[in-house]
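Subject: Structure handover

Hello,

Here is the structure to look through. My notes on it follow below.

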Amino acid sequence: MRALALLLALFAALAVVPLAADTYVVALVTRAMIFALAAVSLDFILGGAGLVSFGHAALMGIGAYGVGILMEEGTREALIAFPAAMAAAGLFALVTGAVSLKTRGVYFIMITLAFGQMAFFVAQSLSAYGGDDGLSLAARSTVAGQRWLKSPVTFHYATLGLLILITALCALILASPFGRVLRAAKENERRVRALGIDPYPYRLVAYGLAGAFAGLSGALLANLTEFVSPAFLSWHRSGELIVMVVAGAMAASALGVRAGGAGRLGGAVLGAVGVILVEEGLAHLTEHWRIVFGPLLVLLVLLGGWRGRRA
Amino acid sequence: MSARLDVRGLRKSYGALAVTDGVDLTVEAGEIHALIGPNGAGKTTLISLIAGEVRPDAGTILLGEADLTAAPVHRRARAGLARSFQITSTIPAFSVRENVVLALQGAGGPSFRLWPAPRAERARAERARALLARVGLEGRGDHPAAALSHGEKRALELAMALAAEPRILLLDEPMAGTGPEEGRAMVDLIASLKAACGILLVEHDMDAVFRLADRVSVLVAGRIIASGTPEQVRADPAVRAAYLGDETATGAAP
């Protein structure tokens with residue numbers, strides 16, 4: 001139950017932020033939660049099913065562009081734009097996943113990277129929607145016609161609510177019979193096949209769901225920054241998401257929370273929030289913050305590995 | 001549930017080396033057919049061919065009326081062909097019970113339940129308990145599979161194979177690496193299974209083979225050089241020369 005305790009503590013901490021912090025910090029933490037949502041969707045397939053996707057930012061970016069393009073075309077309503085963004089990202093994941101999931105290991109990493117870069121270059125060439133320069137949103141989305149998302153505090157709680165919802169959903173799916181197949185195939189695919197189960201359709205459905213969830217995080221990010229650009233889809237960002245998931249798993253392990261199983265999603269939330277906040281904090285101290293950030297990550301991995309072995 | 005496994009003219013070569021060189025083999029319902037042979041004779045390759053992990057160059061594999069020659073592994077398993085692995089193969093991070101529950105899921109057809117399904121899960125847990133009791137692992141359900149002893153892992157593998165209520169069971173050296181005590185328990189267990197399904201048993205332990213087998217085939221260099229009752233095979237001069245050697249011919253014979 002320590003995994004659940006970690007999650008509840010994180011969500012509680014995120015919930016009290018608007019009570020104690022100024023607008024700048026609230027926006028920063030909202031951004032962190034949006035990345036936490038993307039990290040949870042990545043960890044769902046990475047930690048849950050062993051699929052190291054290096055194109056996750058593309059799914060997030062497609063969600064962001066979904067909101068941006070719909071707004072440019074006159075649809076401001078979140079109840080239309082958000083599901084559309086999720087559907088677009090989910091569909092992209094299903095189509096690219098159908099090909100990528102035929103491969104394994106390093107090949108899977110490379111092919112998801114390739115599909116991600118493909119989406120990146122498509123975004124760059126969308127001259128009607130800003131091309132290389134990106135696209136500024138006229139305003140934030142409305143919810144049922146109301147301009148609730150304009151308020152940083154309301155936006156914060158809406159994001160927190162969606163983060164909790166998606167995290168719970170991913171945990172439930174991983175605990176279900178469907179999730180059992182994913183987790184088993186991650187450990188011993190040959191055995192799973194010998195038991196009469198072909199893991200491919202399970203992985204494909206999981207990949208599509210992860211795409212839709214990442215698309216939702218992109219839709220939120222577009223609203224937070226009121227701007228979308230091809231950089232949202234770049235492989236750098238996919239790498240950052242992997243760092244968040246891995247650093248989070250290590251931090252959770254260092255805290256004594258068993259990695260693996262449904263409980264691990266708390267690590268992704270912790271990793272995303274931690275990485276964003278530490279980055280921001282270090283950037284305030286020095287412009288060479290990466291010199292500090294790198295060794296910090298190494299220390300974390302060493303510590304997590306040490307505690308994980310002792311457990 | 002039982003059905004006949006019929007392998008005809010199976011061939012597999014790696015380059016110039018014929019690992020399986022025209023093998024004909026049947027496993028009747030309710031019999032234990034032991035496959036013996038020296039190291040490198042191609043026993044494990046033959047099991048892999050039948051299970052579907054390796055595609056044959058020629059030949060057919062029939063289970064009952066169904067032609068499985070071109071079917072992928074998971075479809076053969078669904079058709080009733082279960083196997084244990086020579087090197088123990090479980091899901092180490094799962095509990096013992098969840099390993100069996102996964103096997104039951106595989107036997108039950110596609111489980112695209114994205115939601116927890118408490119009633120089906122309870123039924124599977126109950127059946128898993130019964131299967132674990134059958135292989136002598138009662139009370140071990142909550143242990144991680146990785147923490148089991150070698151012999152217990154072999155028993156777990158058998159429980160996983162039995163979950164599918166297979167028509168034919170392929171056992172690749174189920175006794176390998178077990179202690180004498182565990183080995184005896186395994187022999188009793190395998191003997192108790194043959195009422196339910198036909199068994200193709202690859203085994204190096206000659207005592208076990210001669211106690212269990214209804215028929216024995218001897219594989220040497222990819223060919224079956226002799227096939228018959230244990231007594232016939234033991235008496236076959238070609239088999240003695242190729243494989244059994246003096247020790248078994250004089251020492252182990254009753």
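Which residues of helix 10 of chain A meet which residues of helix 11 of chain A? The model is predicted, and in it V243(A), M244(A), V245(A), A247(A), G248(A), A249(A), A251(A) and A252(A) of helix 10 meet G266(A), G267(A), A268(A), L270(A), G271(A), A272(A), G274(A) and V275(A) of helix 11. By residue type, this contact has 11 nonpolar, five polar and no charged residues.

As for geometry, helix 10 of chain A covers residues 235-254 and helix 11 of chain A covers residues 265-285. Their axes are 7 Å apart and the packing angle is about 115°. Angles from 65 to 115 degrees count as roughly perpendicular, so helix 10 and helix 11 of chain A are described that way. Their crossing is right-handed.

Helix 9 of chain A comprises residues 199-225, 27 residues in total. Of the 27 residues, 22 are buried, so helix 9 of chain A is largely enclosed by the rest of the structure. The residue that follows helix 9 of chain A is E226(A), with a positive phi near 50°.

Two further residues are listed for their backbone angle. Most residues other than glycine have a negative phi. A144(A) is not a glycine, yet has a positive phi of about 50°. The loop that holds A144(A) runs between strand 1 (135-136) and helix 6 (152-175) of chain A. A144(A) has 8 other C-beta atoms within 10 Å, and 12 or fewer counts as exposed, so A144(A) is exposed.

In chain B, A221(B) also has a positive phi of about 50° and is not a glycine. A221(B) sits in the loop between strand 9 (215-220) and strand 10 (223-228) of chain B. It has 15 C-beta neighbours inside 10 Å and therefore counts as partly exposed.

Last, the contact between the chains. Chain B contributes 27 residues and chain A contributes 20 residues. On the side of chain B that touches chain A, helix 2 (73-79) and helix 3 (96-107) of chain B each supply at least two residues. Helix 3 of chain B gives the largest share of that side, six residues. The residues of this side of chain B divide into 17 nonpolar, six polar and four charged.

Regards

How values were computed
Residues are numbered from 1 along each chain as its sequence is written. Chains are lettered from A and ligands numbered from 1 in the order in which they are written. This is a predicted model: local features need pLDDT of at least 70, side-chain atom pairs count only at pLDDT 80 or more; totals for chains, interfaces and linings use all residues. Axes are lines fitted to C-alpha atoms, for helices over the stretch in contact, and angles run from 0 to 180 degrees between N-to-C directions. Helices (H or I, at least four residues) and strands (E, at least two) are DSSP runs, numbered from the N terminus. Angles under 35 degrees count as roughly parallel, over 145 as roughly antiparallel, 65 to 115 as roughly perpendicular and the rest as oblique. A crossing is left-handed if the near helix is turned anticlockwise from the far one by less than a right angle, and right-handed if clockwise. Two residues are in contact if their C-beta atoms, placed from the backbone, lie within 7 Å. Ala, Val, Leu, Ile, Met, Phe, Trp, Tyr, Cys and Pro count as nonpolar, Asp, Glu, Lys and Arg as charged, and the others, Gly among them, as polar. The expected span of a helix is 1.5 Å times one less than its number of residues. A residue is buried if 20 or more other C-beta atoms lie within 10 Å of its own, exposed if 12 or fewer, and partly exposed in between; C-beta atoms are placed from the backbone.
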